[in-house]
Amino acid sequence: DLLDDRAATVEESIGVERADAEVTAVLCARGSSDPDANGDANKLARLLQEGREFDHVETAFVGVTDPELPDALHAVSRRRPDAVVVLPYMLGDGVLTQRVRDQTADFDAEYPYVDAAAGDPLGTDDRLLDVLGDRWQEARTGSVSMSCDTCKYKVELDGYEEDVGGARAMLRAVTHQETH
């Protein structure tokens, strides 16, 4: 939801609405030599696309691994979306987020038929702070049992609201726990 809010702010700044235009979002993470960390960025991009009106959601990285942001943006341009919203998946503002902004501005200048802009980093939004507080509490109490924070049976996700709770959720939890 926080990334979706960041995207809406960018869309407003460039004068585009997902309901009326083809908007592609590019989730841009730092990049890592750890494949699991890079996979998490791809998973988050998919979760961002679920239940929302983006034409596409792509994953890119600032460095270390592929696709790097300029390459991902050039690939996105082939689809000829009306707009591209680049979302830095980073906590704070700094050198890497400025690189994301600069590379997005270069893309915007090179492709006049696509409006493109980069959003702000995640920052200290209360929703993010709540998640960090929950993780701290779980670590402190030793109550972490599985990493299913985005399970559609546990968390209300756009387009899957009716799946939260109930018998299906209980059955899913029992069978899922057996795999851990």
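Which residues does V23 touch, not counting residues up to four places away in sequence? In this predicted model, V23 touches E11, V16 and R18, together with F54, D55, H56, A83 and V85. V23 also belongs to the largest nonpolar core, a set of 19 residues, in which V23, L48, F54 and L87 have the most contacts. Helix α1, strand β1, helix α2 and strand β3 each supply at least two residues of this core, and the greatest contribution, four residues, is that of α1. Apart from this core lies another, of 16 residues, which includes L69, L73, V76 and F107. In soluble globular proteins, nonpolar side chains tend to be buried together.

Helix α1 spans residues 2-14 and thus comprises 13 residues. From its first C-alpha to its last, α1 reaches 19 Å, close to the 18 Å expected at 1.5 Å a residue. The buried residues of α1 are L2, L3, D4, R6, A7, V10 and E11. The elements that cover these buried residues include three strands, β1 (23-29), β3 (83-88) and β4 (115-118), as well as the helices α2 (35-49) and α5 (126-141). After α1 comes G15, which has a positive phi, near 75°.

The loop between α1 and β1 contains R18. This arginine counts as buried because its relative accessibility is 13%, below the 20% limit for that class. A polar contact of 2.7 Å joins the side chain of R18 to the side chain of E11, a residue of α1 that is itself buried. With neighbours within four places in sequence left aside, R18 is in contact with D4, A7, A8 and E11, and also with V23, R52, E53 and F54. Two of these partners, V23 and F54, are among the residues with the most contacts inside the largest nonpolar core.

Leaving aside neighbours within four places in sequence, the contacts of V62 are C28, A29, R30, E68, M90, L96, R99 and V100. Although V62 and S32 are 30 residues apart along the chain, a distance of 9.6 Å separates their C-alpha atoms.

Methods:
Residues numbered from 1 in each chain as written. Predicted model: local features only at pLDDT ≥ 70, side-chain atom pairs only at ≥ 80, totals over all residues. Heavy atoms only, no water. Expected span 1.5 Å × (residues − 1). Buried < 20%, exposed > 50% of the residue type's maximum accessible area, 1.4 Å probe, protein only. Contact = heavy atoms within 4.5 Å. Core = buried A, V, L, I, M, F, W, Y, C linked by side-chain atoms within 4.5 Å. Polar contact = N/O pair within 3.5 Å; in protein donor to acceptor, adjacent residues only side chain to side chain.
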